[in-house]
There are 2 protein chains.
Amino acid sequence: MDGGSLSIGELARATSTKVETIRYYERSGILPSPPRTSGGYRAYGPGHLARLSFVRRGRDLGFSIEQIRALLDLADQRDRPCEAVDAIAREHLAEVERKLADLGALRRELAALIGQCRHGTVAECRILDALAPA
Amino acid sequence: MDGGSLSIGELARATSTKVETIRYYERSGILPSPPRTSGGYRAYGPGHLARLSFVRRGRDLGFSIEQIRALLDLADQRDRPCEAVDAIAREHLAEVERKLADLGALRRELAALIGQCRHGTVAECRILDALAPA
DNA sequence: GATGAGGCCTGTAGCGGCTACAGGGTCAAG
DNA sequence: CTTGACCCTGTAGCCGCTACAGGCCTCATC
């Protein structure tokens with residue numbers, strides 16, 4: 001690929017993203033369609049690299065595609081206050097904390113279940129008992 | 001519906017499940033197809049109620065449909081040892097613990113991010129900085 | 001210039017676990 | 001006999017990818 005621009009495979013390697021995922025991001029509108037070479041290959045510039053890196057970090061932090069889209073939109077309005085950014089991050093944190101609480105409760109329940117196993121036959125299995133109707 | 005048998009709506013209410021979900025469970029083979037009335041309505045018996053309750057509790061505990069299917073199969077082999085049951089539960093617990101660890105790390109990262117917010121303009125937003133490429 | 005390997009292209013379908021229709025049939029109360 | 005609540009099938013959508021199939025492009029090598 002010519003100077004400065006990246007093929008989809010190169011962009012994929014540069015961002016630890018699969019090629020199919022990049023095309024999916026393009027389809028879903030979060031990564032703009034790049035120009036094409038004469039042969040029809042996508043040719044990405046540094047802007048695409050930066051944007052995809054942003055998306056990947058956001059995904060690693062658990063933000064949804066929609067949230068990332070909103071963050072990217074906000075990032076373009078450089079002299080507005082950053083409260084909206086803060087709000088998205090806080091909402092996501094709250095969601096993470098809800099999931100943590102749920103999973104913690106789940107772990108306790110599962111551990112209690114497993115602790116009751118007497119390693120006998122299925123007929124007297126307490127794990128199955130706990131699942132069977134009361 | 002006649003004595004002892006339940007319509008799909010009644011079964012749904014009895015198990016806090018949506019009607020569509022019950023039909024989905026039947027399609028996916030985890031709940032057996034019930035007999036039908038002359039008008040073509042599903043007519044569920046106590047066995048179905050018990051089985052669906054089991055499935056629901058399993059789902060509430062985070063087991064996958066496949067795991068629940070395996071547990072149900074095991075539950076039928078009453079004089080085999082219950083090690084396989086134990087193994088499924090332990091594996092699920094391990095998975096839950098992995099997710100807990102991941103979410104905990106995520107929470108720390110997000111909290112750090114949010115703690116850096118200086119409530120200025122978008123241009124100087126540290127949350128966006130943290131997402132933007134290095 | 002032919003060939004072959006490895007990339008790239010589009011389009012479509014699948015994952016899990018539901019959920020939500022549309023467009024009909026059934027049934028019991030009044 | 002009508003009304004309205006229920007039920008039926010079939011299909012499509014959600015999220016965030018992932019995995020093909022069946023081709024085209026490019027480049028190095030002979």
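Visitor: Which helix gives the most to the surface near DNA strand D?
Guide: In this predicted model, a residue is near a strand if one of its heavy atoms lies within 4 Å of it, and a helix is a DSSP run of H or I with at least four residues, numbered from the N terminus. With 5 residues, the element that gives the most to the surface near DNA strand D is helix 2 of chain A.

Visitor: What pLDDT do local features need in this predicted model?
Guide: Residues are numbered from 1 along each chain as its sequence is written, chains are lettered from A and ligands numbered from 1 in the order in which they are written, and side-chain values use heavy atoms, with hydrogens and water left out. Totals for chains, interfaces and linings use all residues and side-chain atom pairs count only at pLDDT 80 or more, whereas local features need pLDDT of at least 70.

Visitor: How much of the part of DNA strand D that comes within 4 Å of the protein is sugar and phosphate?
Guide: There are 19 residues around DNA strand D, with A:R59, B:S7, B:G9, B:R23 and B:R42 coming nearest. Among the atoms of DNA strand D that come within 4 Å of the protein, the share of sugar and phosphate is 80%.

Visitor: Which residue has a polar side-chain atom 2.6 Å from a base nitrogen of DNA strand C?
Guide: Sugar and phosphate are also contacted on DNA strand C: a polar side-chain atom of A:R36 lies 3.0 Å from a phosphate oxygen, and a backbone N or O atom of B:G39 lies 3.5 Å from a phosphate oxygen. The residue whose polar side-chain atom lies 2.6 Å from a base nitrogen is B:Y41.

Visitor: Why can the two copies of the protein chain be described by a rotation axis, and of which kind?
Guide: When the copies are superposed by least squares on the C-alpha atoms of residues with pLDDT of at least 70 in both, chain B can be laid on chain A with an RMSD of 0.1 Å, by a turn of 180° and a shift of 0.0 Å along the axis. The copies are therefore related as by a rotation axis that is two-fold.

Visitor: Which helix supplies the largest share of the lining of the largest pocket?
Guide: The lining has 14 residues, among them A:L128 and B:F54, which belong to the group nearest the centre of the pocket. Helix 6 (126–131) of chain A, together with helix 3 (46–60) and helix 4 (65–75) of chain B, each supply at least two residues of this lining. The largest share, 3 residues, comes from helix 3 of chain B.

Methods:
1 Å grid on protein atoms, 1.4 Å probe; cavity = no way out; pocket = protein on both sides within 12 Å on 5 of 7 lines; lining within 4 Å. Polar contact = N/O pair within 3.5 Å; in protein donor to acceptor, adjacent residues only side chain to side chain.
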